[in-house]
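Trainee: I would like to learn how to read features off a model. Please show me the structure, and let us take it feature by feature.

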Amino acid sequence: MAKDEISHIGKIVEITPEMTTVEIISSSACSACHAKGVCGVSEEQVKLIGVPTDPYTLRNVGDEVLVVLRRSMGLKAVWISYVIPLLILMILILSLSPVIGHEAYAGLIAIGAVALYYLVIYLLRGRLSKDFVFYIKNKE
């Protein structure tokens, strides 16, 4: 794995001419603990990721592969999903509180603005999905 890549081990669950679906298991830090069955805190989530099918590579359902994303795209995702909404929230709360006089109203307006931001992101999901393209490497 190169330094500029983020990868996860996954298993191919479906292959179509356009899209290969890979299942990855996202687990919390304590999922490897020997006491996870008793604790109840550990989490594992199964995620399905669609990757454009490479017609020149022979892969089969059940193959273990690496699902890879460029690190810069991962950082862009963090900015879009966490940093920008936090900045919107903080700027609006801090600037509207003295103007409006009621912190509750300023907070509601700020939360509404963040909700509007996420709505715009949802509406632009088709365009964003073209930027965030995963690809598959053979497991080494």
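Trainee: Which charged end sits over the ring of tyrosine 122?

Mentor: First the rule. A charge sits over a ring if NZ of Lys or CZ of Arg is within 6 Å of the ring centre and within 35 degrees of the ring normal. Here it is the charged end of arginine 125, 4.1 Å from the centre of the tyrosine 122 ring.

Trainee: What should I know about the model itself?

Mentor: It is predicted: local features need pLDDT of at least 70, side-chain atom pairs count only at pLDDT 80 or more, and totals for chains, interfaces and linings use all residues. Residues are numbered from 1 along each chain as its sequence is written, and side-chain values use heavy atoms, with hydrogens and water left out.

Trainee: How many helices and strands does the protein chain have?

Mentor: Helices (H or I, at least four residues) and strands (E, at least two) are DSSP runs, numbered from the N terminus. The protein chain has four helices and five strands. Their order along the sequence is β-β-α-β-β-α-α-α-β.

Trainee: Why does the end-to-end distance of helix H2 agree with its span?

Mentor: The expected span is 1.5 Å times one less than the number of residues. H2 runs over residues 71-100, so its 30 residues should span 44 Å; the end C-alpha atoms lie 42 Å apart, which agrees.

Trainee: Which residues of H2 are buried?

Mentor: Buried means under 20% relative accessible area, exposed over 50%, partly exposed in between (1.4 Å probe, protein chains only). In H2 the buried residues are Met73, Gly74, Ile80, Pro85, Leu96 and Ser97. They pack against strands S1 (5-15) and S4 (64-70), and against helices H3 (103-123) and H4 (125-131).

Trainee: Is glutamate 5 buried or exposed?

Mentor: Glutamate 5, in strand S1, counts as buried because its relative accessibility is 8%. Contact means heavy atoms within 4.5 Å. Beyond its neighbours within four places in sequence, glutamate 5 contacts Val68, Leu69, Arg71, Tyr135 and Lys137. Its C-alpha atom is 9.2 Å from that of methionine 73, 68 residues away along the chain.
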